[in-house]
Amino acid sequence: MKQVFISFLMLLYQSVSLALPPSDSLITELNNSIKQTDFYDNKKLKEISQLKSLLDGSKNDFNKQYETHLKLYNAYKYYNYDSAFAYAKKLQKFAEYRNDPSLLADAKIKLAFIMLSGGMFKETFDTLNIISVSGVSANVMSEYYSLKARCFYDLADFDNDKFYSPLYNTLANSYLDSALSLYPANSFDYFYFSGLSDFKKGKTDSALIKLQKLIKSQNLSFHEIALTTSMIGGIFNAKGDVDEARDYLIQASIADIKSSTKETLALLGVAGIIFKEGNKKNAALYIEKANTDAGFYNARLRKVQIGAILPLIEGVMINTIELQKQKLITSLILLAILTLLLAGFALIIRKQVKNLKVARLSLLEANLKQQQINQQLVEVNELKEKYNDQLQQINRQLSEANKIKEEYIGYYFSVDTQFIARIEKIINLVDKKITDRKWDEVKYILKSADLKREKEDLLKNFDKVFVRLFPNFVTQFNTLFTDEDKIILKEGQLLNTDLRIFALIRLGITDNEKIAEILDYSINTIYSKKTKIRNKTTVSKDEFERKLIQITTLNL
């Protein structure tokens, strides 16, 4: 049940998490090896199947039966506790049948090894304590002493206290010294256990030299590579060199997978290190794999060790998912706010269109007055010059207002239509993705709705339309200032914020609150900018406003 929960967390985490940094080559190789676990396990099962087929053909041959059962024990030794235990018991029966003390001691040692691998300390010690190694071969005796050393080392690590652990380590060192005196000097076991002995005695540099020399050997099996690199990783970890420890433990994990070793600690060590580095995705993958292997092997001690780190990784992943959920909710809230802002802006545009219509009616009324004035001009020649000026001014204002109306009504209706269509599209897409529970795609859609960019595009389009209407606005506006106070635009700018304020005033929008809403500034900011610019002009306030209104469009 716990494995299913971890798998679910991994899938969910992958669907909402931000991309992690690229894995190095060793991480990539380890991940690929995990994907090929079934391939390596099938090779192991094929080997076991072939060995079992040999049993039927050698029923009457004791030596072949014993040799095949021993091979089957070795095949299951690091792969599955229950099967290895069963074949160890069969080896014990063979030894009892032959009444061979050496075979019986060897079978019991193998049984004790399996029980220790399964985390059964009491049963292991009970079995080892009744084994008699008197008169047995050097191979059996060295295996006995090295197993007793491992028992006490494991017990010291498990207790991890200042009273019993030093005593157990001392006993283990003594047994390992006895084993080393029996191993051939150039054998793998000699170099490996010699390195272990040095490490446990605090001679880490000597241990590293021996083990690194051993790892360079060209004849090591995957399991021997895993044992050696795992111990090297443990030594570097004890020295505080986490980077070296990580690389060696990854190599050990890869070798374990390729040898179908399920009783292992290397992958758990890798998970702990990269979890602290922040690589939670791969840490979850490795802890799941380690947990699955420990369950498959039925390694009780490994389950306890995995149980110490598993809740930490699960907790971080749950927190990460919850954080992503909160971010999604925040994005939806921001989208709702954006929609409200756009709706408000649409209302402002409609209101301005309505104001333009009112202005048009006012201009029509002015036109009627102009006709009346023309009649008066015919009758009163001496006032002709005066009335002609008034008529020209009214005509200019009317033509200008019509041009502004045509440009901005078309512009704002176009912007309004595009904006509403875009919002409807986003809302429909978000609604569909939420319904389909495609949260990552919702996040992507929300990111595409960039309010700041939309606001900037709106202002840029406003600039284009205004400059098209008043191409000489900036030049004429700058005539009201000294050279040092003239407004200089950056390359590519049509207007800046200061110019937009007076551009809106030129269009007839004089209310500070309206200007602040359009330009997305506070009323105080608009008032401050207007006052600051007016104070720099070379003319009076009234003259400044009059000259601003006199800035005209071209082609009237």
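## Salt bridges

A salt bridge here is a side-chain nitrogen of Lys or Arg within 4 Å of a carboxyl oxygen of Asp or Glu. By that rule, Asp41, Lys262, Lys289 and Asp293 are linked in a network of salt bridges, and the whole structure holds 21 salt bridges. This is a predicted model, in which local features need pLDDT of at least 70, side-chain atom pairs count only at pLDDT 80 or more, and totals for chains, interfaces and linings use all residues. Residues are numbered from 1 along each chain as its sequence is written, and side-chain values use heavy atoms, leaving out hydrogens and water.

## Confidence

The protein has a mean pLDDT (the predictor's confidence in each residue, from 0 to 100) of 80, with 79% of its residues at 70 or more. Residues 1-23 have pLDDT below 50.

Start with Asp41 and Lys262, whose closest N and O atoms are 2.9 Å apart. Asp41 is in helix H3 (residues 37-56) and Lys262 in the loop between H13 and H14, 221 residues apart; helices are DSSP runs of H or I, at least four residues, numbered from the N terminus. Both residues are buried, meaning under 20% relative accessible area, with exposed over 50% and partly exposed in between (1.4 Å probe, protein chains only).

Lys110 and Glu143 pair at 3.5 Å, N to O. Lys110 lies in helix H6 and Glu143 in helix H8, so this pair ties together parts 33 residues apart in sequence. Glu67 and Lys71 form another salt bridge, at 3.4 Å.

## Helix H14

Of the 11 residues in H14 (residues 266-276), 9 are buried, so this helix is largely enclosed by the rest of the structure.

Key. Contact means heavy atoms within 4.5 Å. Helices (H or I, at least four residues) and strands (E, at least two) are DSSP runs, numbered from the N terminus.
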